[in-house]
Amino acid sequence: MIHCYQFREHNIVIDVNSGAIHLVSDLMYQLLSDPTTVFHFPKEDVAEATEEIKALAEAGMLFTDDEQITTEMLEDRGAVIKAMCLHVAHDCNMACRYCFGDTGAFDGPRSLLSLETGKQAIDFLLAHSGTRRNLEIDFFGGEPLLNFDVVKALVAYGREAEKSYGKNIRFTITTNGLLLDDKKSEFINETMDNVILSIDGRKDVNDKMRLTPGGKGTYDVVVNNFQRFAAKRKGTYYVRGTFTADNLDFAEDVRHLASLGFQNISVEPVVTDSSKSYALREEHLPRIFQEYDALADQYLDAALRGEPFSFFHFRIDLTQGPCVVKRVSGCGAGTEYVAVTPEGDLYPCHQFVGNPEFLLGNVKDPVFENRLYDRFNRAHIYIKDECRDCWAKFYCSGGCHANAYHSNDDLLKPYHLGCETERKRLECAIGIQAVLATQA
(Lines give C-alpha, C1' and ligand atoms only; values in the text may rest on other atoms or scores of the structure.)
Protein backbone atom coordinates (compact mmCIF):
# COMPACT_ATOMS: atom_id res chain seq x y z
CA MET A 1 0.00 0.00 0.00
CA ILE A 2 1.28 3.46 -0.89
CA HIS A 3 -0.11 6.98 -0.47
CA CYS A 4 0.71 9.72 -2.97
CA TYR A 5 0.03 13.42 -2.50
CA GLN A 6 1.48 16.82 -3.30
CA PHE A 7 2.56 19.46 -0.78
CA ARG A 8 3.68 22.82 -2.06
CA GLU A 9 6.10 21.96 -4.89
CA HIS A 10 6.90 18.49 -3.58
CA ASN A 11 5.62 15.11 -4.78
CA ILE A 12 5.42 12.83 -1.76
CA VAL A 13 4.99 9.06 -1.76
CA ILE A 14 4.55 7.13 1.50
CA ASP A 15 5.10 3.39 1.66
CA VAL A 16 2.58 2.60 4.35
CA ASN A 17 3.94 -0.65 5.75
CA SER A 18 7.65 0.21 5.83
CA GLY A 19 7.13 3.86 6.77
CA ALA A 20 9.52 4.97 3.98
CA ILE A 21 8.79 8.46 2.63
CA HIS A 22 10.01 9.48 -0.83
CA LEU A 23 10.26 12.85 -2.56
CA VAL A 24 9.94 11.95 -6.21
CA SER A 25 10.04 13.52 -9.67
CA ASP A 26 6.90 14.44 -11.57
CA LEU A 27 7.33 11.39 -13.76
CA MET A 28 7.74 8.92 -10.89
CA TYR A 29 4.80 10.54 -9.11
CA GLN A 30 2.62 10.02 -12.16
CA LEU A 31 3.78 6.42 -12.52
CA LEU A 32 2.91 5.67 -8.91
CA SER A 33 -0.32 7.66 -8.61
CA ASP A 34 -1.81 7.32 -12.12
CA PRO A 35 0.36 5.53 -14.70
CA THR A 36 -2.17 6.21 -17.48
CA THR A 37 -1.04 9.86 -17.54
CA VAL A 38 2.66 9.32 -18.39
CA PHE A 39 2.23 9.01 -22.18
CA HIS A 40 3.65 12.50 -22.75
CA PHE A 41 6.99 11.64 -21.08
CA PRO A 42 9.85 10.23 -23.24
CA LYS A 43 9.81 6.42 -23.29
CA GLU A 44 13.41 6.15 -22.10
CA ASP A 45 12.61 8.33 -19.06
CA VAL A 46 9.58 6.19 -18.25
CA ALA A 47 11.71 3.04 -18.49
CA GLU A 48 14.37 4.52 -16.20
CA ALA A 49 11.79 5.61 -13.60
CA THR A 50 10.13 2.20 -13.75
CA GLU A 51 13.46 0.52 -12.98
CA GLU A 52 13.99 2.89 -10.04
CA ILE A 53 10.58 1.95 -8.67
CA LYS A 54 11.44 -1.74 -8.99
CA ALA A 55 14.73 -1.17 -7.15
CA LEU A 56 12.94 0.58 -4.28
CA ALA A 57 10.44 -2.25 -4.06
CA GLU A 58 13.23 -4.85 -3.97
CA ALA A 59 14.96 -2.85 -1.22
CA GLY A 60 11.79 -2.99 0.91
CA MET A 61 10.95 0.70 0.53
CA LEU A 62 7.91 0.51 -1.76
CA PHE A 63 4.91 -1.82 -1.94
CA THR A 64 6.08 -3.69 1.15
CA ASP A 65 4.02 -6.28 2.97
CA ASP A 66 2.65 -5.64 6.45
CA GLU A 67 4.85 -7.76 8.68
CA GLN A 68 5.08 -5.41 11.62
CA ILE A 69 3.15 -7.27 14.25
CA THR A 70 0.94 -10.26 14.92
CA THR A 71 -2.26 -10.46 16.89
CA GLU A 72 -0.49 -12.81 19.29
CA MET A 73 2.03 -10.08 20.14
CA LEU A 74 -0.81 -7.81 21.22
CA GLU A 75 -2.59 -10.47 23.23
CA ASP A 76 0.61 -11.38 25.08
CA ARG A 77 1.33 -7.86 26.36
CA GLY A 78 -0.07 -8.52 29.83
CA ALA A 79 -2.37 -6.28 31.87
CA VAL A 80 0.17 -3.75 33.11
CA ILE A 81 -0.82 -0.15 33.97
CA LYS A 82 1.74 2.57 33.37
CA ALA A 83 -0.28 5.80 33.32
CA MET A 84 -3.10 7.33 35.35
CA CYS A 85 -5.38 10.32 34.90
CA LEU A 86 -6.03 11.29 38.51
CA HIS A 87 -9.16 13.41 38.90
CA VAL A 88 -8.31 15.56 41.90
CA ALA A 89 -11.41 17.72 41.42
CA HIS A 90 -14.84 16.93 40.06
CA ASP A 91 -15.60 20.59 40.25
CA CYS A 92 -14.59 23.62 38.23
CA ASN A 93 -14.48 27.40 38.48
CA MET A 94 -15.41 27.66 34.80
CA ALA A 95 -18.44 26.57 32.78
CA CYS A 96 -17.11 26.00 29.26
CA ARG A 97 -19.91 25.48 26.75
CA TYR A 98 -18.27 22.45 25.10
CA CYS A 99 -17.10 20.71 28.30
CA PHE A 100 -17.49 16.93 27.95
CA GLY A 101 -17.20 16.59 31.74
CA ASP A 102 -20.42 18.42 32.68
CA THR A 103 -18.40 21.51 33.74
CA GLY A 104 -16.30 19.34 35.99
CA ALA A 105 -18.93 17.18 37.66
CA PHE A 106 -18.86 14.31 35.12
CA ASP A 107 -22.61 13.78 35.55
CA GLY A 108 -22.21 13.11 39.28
CA PRO A 109 -21.89 15.04 42.54
CA ARG A 110 -19.24 17.73 42.72
CA SER A 111 -16.37 16.52 44.87
CA LEU A 112 -12.66 16.80 45.61
CA LEU A 113 -10.18 13.95 45.87
CA SER A 114 -9.13 13.24 49.45
CA LEU A 115 -5.47 12.80 50.27
CA GLU A 116 -6.16 9.26 51.48
CA THR A 117 -7.84 8.21 48.23
CA GLY A 118 -5.10 9.91 46.23
CA LYS A 119 -2.45 7.91 48.07
CA GLN A 120 -4.39 4.72 47.41
CA ALA A 121 -4.48 5.63 43.71
CA ILE A 122 -0.70 6.05 43.63
CA ASP A 123 -0.25 2.77 45.49
CA PHE A 124 -2.57 1.11 42.96
CA LEU A 125 -0.49 2.39 40.03
CA LEU A 126 2.78 1.27 41.59
CA ALA A 127 1.39 -2.16 42.47
CA HIS A 128 -0.05 -2.81 39.00
CA SER A 129 2.80 -1.43 36.87
CA GLY A 130 4.65 -4.72 36.53
CA THR A 131 8.18 -4.23 35.27
CA ARG A 132 7.47 -0.75 33.89
CA ARG A 133 9.91 1.63 35.50
CA ASN A 134 8.68 4.97 34.14
CA LEU A 135 5.09 5.82 35.09
CA GLU A 136 2.87 8.87 34.59
CA ILE A 137 0.22 10.60 36.66
CA ASP A 138 -1.75 13.51 35.21
CA PHE A 139 -3.54 15.69 37.76
CA PHE A 140 -6.85 16.41 36.07
CA GLY A 141 -10.34 17.74 36.69
CA GLY A 142 -12.56 19.70 36.59
CA GLU A 143 -9.95 22.14 37.73
CA PRO A 144 -7.13 20.56 39.76
CA LEU A 145 -5.98 23.87 41.22
CA LEU A 146 -9.18 23.87 43.31
CA ASN A 147 -7.55 21.03 45.27
CA PHE A 148 -3.95 22.14 45.07
CA ASP A 149 -2.91 21.28 48.62
CA VAL A 150 -3.78 17.64 47.86
CA VAL A 151 -1.82 17.84 44.58
CA LYS A 152 1.25 19.02 46.47
CA ALA A 153 0.89 16.33 49.12
CA LEU A 154 0.46 13.61 46.49
CA VAL A 155 3.60 14.66 44.64
CA ALA A 156 5.55 14.33 47.87
CA TYR A 157 3.91 10.98 48.62
CA GLY A 158 4.58 9.68 45.13
CA ARG A 159 8.25 10.62 45.27
CA GLU A 160 8.62 8.67 48.50
CA ALA A 161 6.44 5.70 47.50
CA GLU A 162 8.17 5.15 44.15
CA LYS A 163 11.51 4.41 45.84
CA SER A 164 10.60 1.01 47.25
CA TYR A 165 9.32 -0.09 43.81
CA GLY A 166 12.32 1.24 41.90
CA LYS A 167 10.02 3.39 39.77
CA ASN A 168 9.99 6.95 38.48
CA ILE A 169 6.69 8.82 38.33
CA ARG A 170 6.35 11.56 35.75
CA PHE A 171 3.81 14.12 37.01
CA THR A 172 1.77 16.38 34.71
CA ILE A 173 -1.11 18.78 35.30
CA THR A 174 -3.88 20.32 33.19
CA THR A 175 -5.30 23.68 34.29
CA ASN A 176 -7.60 26.43 33.07
CA GLY A 177 -5.30 28.97 34.71
CA LEU A 178 -7.76 31.09 36.68
CA LEU A 179 -6.02 30.21 39.96
CA LEU A 180 -2.48 29.99 38.58
CA ASP A 181 -0.68 32.48 40.81
CA ASP A 182 3.08 32.80 41.26
CA LYS A 183 3.22 30.42 44.23
CA LYS A 184 1.41 27.63 42.40
CA SER A 185 3.47 28.29 39.27
CA GLU A 186 6.68 27.88 41.21
CA PHE A 187 5.63 24.51 42.59
CA ILE A 188 4.40 23.30 39.20
CA ASN A 189 7.63 24.40 37.54
CA GLU A 190 9.68 22.48 40.05
CA THR A 191 7.67 19.24 40.08
CA MET A 192 5.68 18.76 36.85
CA ASP A 193 7.24 17.22 33.75
CA ASN A 194 4.54 18.64 31.50
CA VAL A 195 1.81 21.25 31.89
CA ILE A 196 -1.29 21.80 29.76
CA LEU A 197 -2.67 25.35 29.84
CA SER A 198 -6.19 25.65 28.43
CA ILE A 199 -7.03 28.65 26.24
CA ASP A 200 -8.77 28.75 22.87
CA GLY A 201 -6.98 31.62 21.14
CA ARG A 202 -8.26 35.11 20.34
CA LYS A 203 -10.20 36.91 23.05
CA ASP A 204 -13.56 36.79 21.28
CA VAL A 205 -13.13 33.09 20.43
CA ASN A 206 -12.04 32.13 23.94
CA ASP A 207 -14.68 34.17 25.71
CA LYS A 208 -17.49 32.73 23.63
CA MET A 209 -16.77 29.24 24.98
CA ARG A 210 -14.60 29.48 28.10
CA LEU A 211 -16.72 31.29 30.67
CA THR A 212 -17.06 31.57 34.42
CA PRO A 213 -20.27 30.08 35.91
CA GLY A 214 -21.59 33.66 35.94
CA GLY A 215 -21.05 34.00 32.18
CA LYS A 216 -17.95 36.20 32.27
CA GLY A 217 -15.12 35.71 29.80
CA THR A 218 -11.81 34.35 31.10
CA TYR A 219 -9.30 35.50 28.47
CA ASP A 220 -7.80 38.50 30.25
CA VAL A 221 -7.08 36.64 33.48
CA VAL A 222 -5.69 33.44 31.97
CA VAL A 223 -3.50 35.15 29.35
CA ASN A 224 -1.82 37.17 32.07
CA ASN A 225 -1.33 34.08 34.25
CA PHE A 226 -0.13 31.89 31.38
CA GLN A 227 2.36 34.43 30.06
CA ARG A 228 3.91 34.83 33.51
CA PHE A 229 4.04 31.06 33.88
CA ALA A 230 5.52 30.37 30.43
CA ALA A 231 8.22 33.01 30.92
CA LYS A 232 9.57 31.06 33.90
CA ARG A 233 8.78 27.52 32.71
CA LYS A 234 11.82 25.25 32.82
CA GLY A 235 10.19 22.14 31.32
CA THR A 236 7.64 21.20 28.68
CA TYR A 237 4.28 22.94 28.43
CA TYR A 238 1.50 23.40 25.89
CA VAL A 239 -1.21 25.97 25.54
CA ARG A 240 -4.14 23.90 24.39
CA GLY A 241 -7.26 25.18 22.67
CA THR A 242 -10.36 23.82 20.99
CA PHE A 243 -11.81 24.97 17.69
CA THR A 244 -15.48 24.66 16.79
CA ALA A 245 -17.78 25.54 13.93
CA ASP A 246 -17.72 29.08 15.30
CA ASN A 247 -13.99 29.54 14.60
CA LEU A 248 -13.17 27.53 11.51
CA ASP A 249 -10.41 30.11 10.92
CA PHE A 250 -8.49 28.48 13.78
CA ALA A 251 -5.12 29.12 12.12
CA GLU A 252 -5.66 32.69 13.29
CA ASP A 253 -6.00 31.43 16.85
CA VAL A 254 -2.70 29.57 16.55
CA ARG A 255 -1.13 32.72 15.10
CA HIS A 256 -2.52 34.73 17.99
CA LEU A 257 -1.20 32.33 20.64
CA ALA A 258 2.23 32.38 19.00
CA SER A 259 2.16 36.19 18.98
CA LEU A 260 1.62 36.12 22.75
CA GLY A 261 4.95 34.35 23.10
CA PHE A 262 3.75 30.78 23.59
CA GLN A 263 6.16 28.39 21.89
CA ASN A 264 4.20 25.14 22.23
CA ILE A 265 0.66 25.19 20.90
CA SER A 266 -2.13 22.69 20.37
CA VAL A 267 -5.58 23.51 18.98
CA GLU A 268 -7.90 20.51 18.73
CA PRO A 269 -11.22 20.03 16.88
CA VAL A 270 -14.21 19.87 19.19
CA VAL A 271 -15.93 16.50 19.55
CA THR A 272 -19.48 16.91 20.75
CA ASP A 273 -23.12 16.07 20.16
CA SER A 274 -23.95 16.86 16.53
CA SER A 275 -27.05 18.75 17.66
CA LYS A 276 -24.90 21.52 19.15
CA SER A 277 -24.68 24.68 17.07
CA TYR A 278 -20.89 24.72 17.38
CA ALA A 279 -20.40 21.04 16.43
CA LEU A 280 -18.14 20.19 13.50
CA ARG A 281 -19.91 18.49 10.59
CA GLU A 282 -19.05 16.85 7.30
CA GLU A 283 -19.72 20.05 5.37
CA HIS A 284 -17.00 21.81 7.39
CA LEU A 285 -14.22 19.49 6.21
CA PRO A 286 -13.16 21.46 3.08
CA ARG A 287 -12.75 24.60 5.18
CA ILE A 288 -10.91 22.68 7.92
CA PHE A 289 -8.51 21.24 5.32
CA GLN A 290 -7.96 24.73 3.90
CA GLU A 291 -7.20 26.02 7.37
CA TYR A 292 -4.63 23.29 8.07
CA ASP A 293 -2.93 24.24 4.79
CA ALA A 294 -2.87 27.87 5.91
CA LEU A 295 -1.49 26.81 9.26
CA ALA A 296 1.22 24.72 7.57
CA ASP A 297 2.26 27.76 5.52
CA GLN A 298 2.31 29.86 8.67
CA TYR A 299 4.34 27.22 10.49
CA LEU A 300 6.89 26.90 7.68
CA ASP A 301 7.26 30.64 7.19
CA ALA A 302 7.97 31.08 10.90
CA ALA A 303 10.52 28.24 10.89
CA LEU A 304 12.32 29.47 7.77
CA ARG A 305 12.68 33.01 9.09
CA GLY A 306 14.15 31.70 12.34
CA GLU A 307 11.12 32.32 14.57
CA PRO A 308 9.72 28.80 14.97
CA PHE A 309 6.92 27.67 17.23
CA SER A 310 5.72 24.15 17.90
CA PHE A 311 2.26 22.99 16.82
CA PHE A 312 1.41 19.66 18.42
CA HIS A 313 -0.13 18.00 15.37
CA PHE A 314 2.73 19.00 13.10
CA ARG A 315 5.33 17.39 15.33
CA ILE A 316 6.25 14.02 13.88
CA ASP A 317 9.28 11.79 14.32
CA LEU A 318 10.07 10.14 10.99
CA THR A 319 13.20 8.41 12.27
CA GLN A 320 11.93 6.45 15.28
CA GLY A 321 8.52 7.36 16.67
CA PRO A 322 6.41 5.04 18.84
CA CYS A 323 7.14 1.34 19.18
CA VAL A 324 5.36 -1.07 16.85
CA VAL A 325 2.75 -2.14 19.43
CA LYS A 326 1.88 1.50 20.14
CA ARG A 327 1.50 2.18 16.43
CA VAL A 328 -1.03 -0.62 16.21
CA SER A 329 -3.00 -0.23 19.43
CA GLY A 330 -2.92 3.47 20.29
CA CYS A 331 -3.01 5.34 23.58
CA GLY A 332 -3.46 2.35 25.89
CA ALA A 333 -6.81 3.42 27.34
CA GLY A 334 -8.35 0.48 29.17
CA THR A 335 -5.12 -1.53 29.02
CA GLU A 336 -2.11 0.52 30.12
CA TYR A 337 -3.96 3.70 31.09
CA VAL A 338 -6.77 4.35 33.58
CA ALA A 339 -8.64 7.31 35.04
CA VAL A 340 -9.46 7.58 38.75
CA THR A 341 -12.31 9.66 40.17
CA PRO A 342 -12.29 11.47 43.53
CA GLU A 343 -14.15 8.47 44.96
CA GLY A 344 -11.43 6.11 43.68
CA ASP A 345 -13.48 4.59 40.86
CA LEU A 346 -11.48 3.33 37.89
CA TYR A 347 -12.34 3.89 34.22
CA PRO A 348 -10.49 3.23 30.92
CA CYS A 349 -9.85 6.97 30.46
CA HIS A 350 -11.21 10.36 31.53
CA GLN A 351 -13.76 10.43 28.67
CA PHE A 352 -15.48 7.28 29.97
CA VAL A 353 -15.80 8.55 33.55
CA GLY A 354 -19.36 8.35 34.84
CA ASN A 355 -20.51 5.68 32.38
CA PRO A 356 -21.31 2.54 34.43
CA GLU A 357 -20.69 0.32 31.39
CA PHE A 358 -17.00 1.19 31.69
CA LEU A 359 -16.54 1.10 35.47
CA LEU A 360 -13.52 -1.14 36.14
CA GLY A 361 -13.44 -1.14 39.93
CA ASN A 362 -12.03 1.01 42.70
CA VAL A 363 -8.51 1.65 43.95
CA LYS A 364 -9.68 0.58 47.41
CA ASP A 365 -10.66 -2.92 46.24
CA PRO A 366 -8.32 -5.62 47.62
CA VAL A 367 -8.22 -7.36 44.23
CA PHE A 368 -8.31 -5.75 40.79
CA GLU A 369 -9.02 -7.53 37.55
CA ASN A 370 -9.61 -5.41 34.47
CA ARG A 371 -12.82 -6.93 33.12
CA LEU A 372 -12.59 -4.78 29.96
CA TYR A 373 -8.96 -5.51 29.19
CA ASP A 374 -9.69 -7.86 26.30
CA ARG A 375 -12.29 -5.50 24.84
CA PHE A 376 -9.82 -2.61 24.66
CA ASN A 377 -6.77 -4.72 23.89
CA ARG A 378 -8.46 -6.09 20.78
CA ALA A 379 -9.58 -2.67 19.56
CA HIS A 380 -6.54 -2.29 17.30
CA ILE A 381 -6.08 -1.36 13.66
CA TYR A 382 -6.11 -4.94 12.36
CA ILE A 383 -9.63 -5.53 13.62
CA LYS A 384 -11.15 -2.17 12.61
CA ASP A 385 -12.57 -2.32 9.09
CA GLU A 386 -11.97 1.37 8.41
CA CYS A 387 -8.33 1.11 9.48
CA ARG A 388 -7.12 -1.88 7.50
CA ASP A 389 -6.82 -0.03 4.19
CA CYS A 390 -6.05 3.43 5.59
CA TRP A 391 -2.62 4.84 4.75
CA ALA A 392 -2.45 6.69 8.09
CA LYS A 393 -3.12 3.70 10.34
CA PHE A 394 0.42 3.41 11.75
CA TYR A 395 0.43 7.10 12.64
CA CYS A 396 -2.98 7.47 14.31
CA SER A 397 -3.10 3.88 15.67
CA GLY A 398 -6.82 3.63 15.09
CA GLY A 399 -7.84 6.90 16.68
CA CYS A 400 -9.48 7.70 20.01
CA HIS A 401 -11.51 4.88 21.60
CA ALA A 402 -13.77 7.36 23.40
CA ASN A 403 -14.53 9.33 20.24
CA ALA A 404 -15.36 6.08 18.44
CA TYR A 405 -17.70 4.99 21.20
CA HIS A 406 -19.40 8.35 21.68
CA SER A 407 -19.95 8.92 17.96
CA ASN A 408 -20.80 5.37 16.87
CA ASP A 409 -21.50 3.43 20.08
CA ASP A 410 -18.73 1.08 18.99
CA LEU A 411 -15.05 0.98 19.97
CA LEU A 412 -14.26 -0.65 16.62
CA LYS A 413 -15.81 2.03 14.41
CA PRO A 414 -13.56 5.11 14.30
CA TYR A 415 -14.92 8.64 14.50
CA HIS A 416 -15.10 9.66 10.85
CA LEU A 417 -14.44 13.39 11.19
CA GLY A 418 -11.48 12.58 13.41
CA CYS A 419 -10.05 10.28 10.74
CA GLU A 420 -10.42 12.91 8.05
CA THR A 421 -8.76 15.67 10.08
CA GLU A 422 -5.97 13.35 11.23
CA ARG A 423 -5.10 12.36 7.67
CA LYS A 424 -4.95 16.01 6.64
CA ARG A 425 -2.76 16.96 9.61
CA LEU A 426 -0.40 14.09 8.83
CA GLU A 427 -0.05 15.17 5.21
CA CYS A 428 0.84 18.65 6.42
CA ALA A 429 3.25 17.38 9.07
CA ILE A 430 5.12 15.12 6.65
CA GLY A 431 5.09 17.82 3.98
CA ILE A 432 6.60 20.31 6.42
CA GLN A 433 9.40 17.84 7.17
CA ALA A 434 10.00 17.46 3.43
CA VAL A 435 10.28 21.22 2.90
CA LEU A 436 12.57 21.72 5.90
CA ALA A 437 14.78 18.82 4.77
CA THR A 438 15.32 20.43 1.37
CA GLN A 439 16.17 23.74 3.05
CA ALA A 440 18.76 22.25 5.42
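Are Tyr299 and Phe309 buried or exposed? Both residues are buried in this predicted model. The legends below start from the whole protein and return to this pair.

**View 1. Overall fold of the predicted model.** The protein has 16 helices and 15 strands. Its radius of gyration is 23 Å, close to the 22 Å given by the globule rule for 440 residues, so the protein is as compact as a globular protein of that length. Along the principal axes, the C-alpha atoms fill a box of roughly 75 × 50 × 40 Å. Of the 440 residues, 52% count as buried. The accessible surface comes to about 19900 Å², and carbon and sulfur atoms account for 49% of that surface. Among contacts between residues at least 6 apart in sequence, 69% join residues at least 24 apart.

**View 2. Nonpolar cores.** The largest nonpolar core contains 113 residues, and Leu86, Phe139, Met192 and Phe314 have the most contacts inside it. A second, separate core has 13 residues, among them Val24, Tyr29, Leu31 and Val46. Leaving aside residues up to four places away in sequence, Phe139 touches residues including Leu86, Val88, Pro144, Val151, Ile173 and Met192.

**View 3. Stacked pair of Phe139 and Phe171.** The structure holds 16 aromatic pairs. In one of them, Phe139 and Phe171 are stacked, with 5.6 Å centre to centre and 5° between the planes. Phe139 belongs to strand S7 (residues 134-140) and Phe171 to strand S8 (residues 168-175), so the pair ties together parts that are 32 residues apart in sequence. Phe139 and Phe171 are both buried.

**View 4. Edge-to-face pair of Tyr299 and Phe309.** The ring centres of Tyr299 and Phe309 are 5.4 Å apart and the planes stand at 75°, an angle over 60 degrees, so the pair is edge-to-face. Tyr299 is in helix H10, whereas Phe309 is in the loop between H10 and S12, ten residues apart. Together with Phe311 and Phe314, these two residues form one aromatic cluster.

**View 5. Helix H10 and its surroundings.** Helix H10 covers residues 285-304; at 1.5 Å a residue its 20 residues should span 28 Å, and the end C-alpha atoms are 28 Å apart, which agrees. Its buried residues include Leu285, Ile288, Tyr292, Leu295, Tyr299 and Ala302, and also Glu291 and Gln298. The buried residues of H10 pack against strands S1 (2-7), S10 (236-243), S11 (264-269) and S12 (310-311), and against helices H9 (251-259) and H16 (416-439). Gly306 follows H10 and has a positive phi, near 80°.

Note on methods. Residues numbered from 1 in each chain as written. Predicted model: local features only at pLDDT ≥ 70, side-chain atom pairs only at ≥ 80, totals over all residues. Heavy atoms only, no water. Helix = DSSP H or I, 4+ residues; strand = E, 2+ residues; numbered from the N terminus. Expected span 1.5 Å × (residues − 1). Buried < 20%, exposed > 50% of the residue type's maximum accessible area, 1.4 Å probe, protein only. Contact = heavy atoms within 4.5 Å. Core = buried A, V, L, I, M, F, W, Y, C linked by side-chain atoms within 4.5 Å. Phe/Tyr/Trp six-rings, centres within 6.5 Å; stacked < 30°, edge-to-face > 60°. Rg over C-alpha atoms; globule rule 2.2 N^0.38 Å. Areas by Shrake-Rupley, 256 points an atom, 1.4 Å probe, with all protein chains shown as cover.
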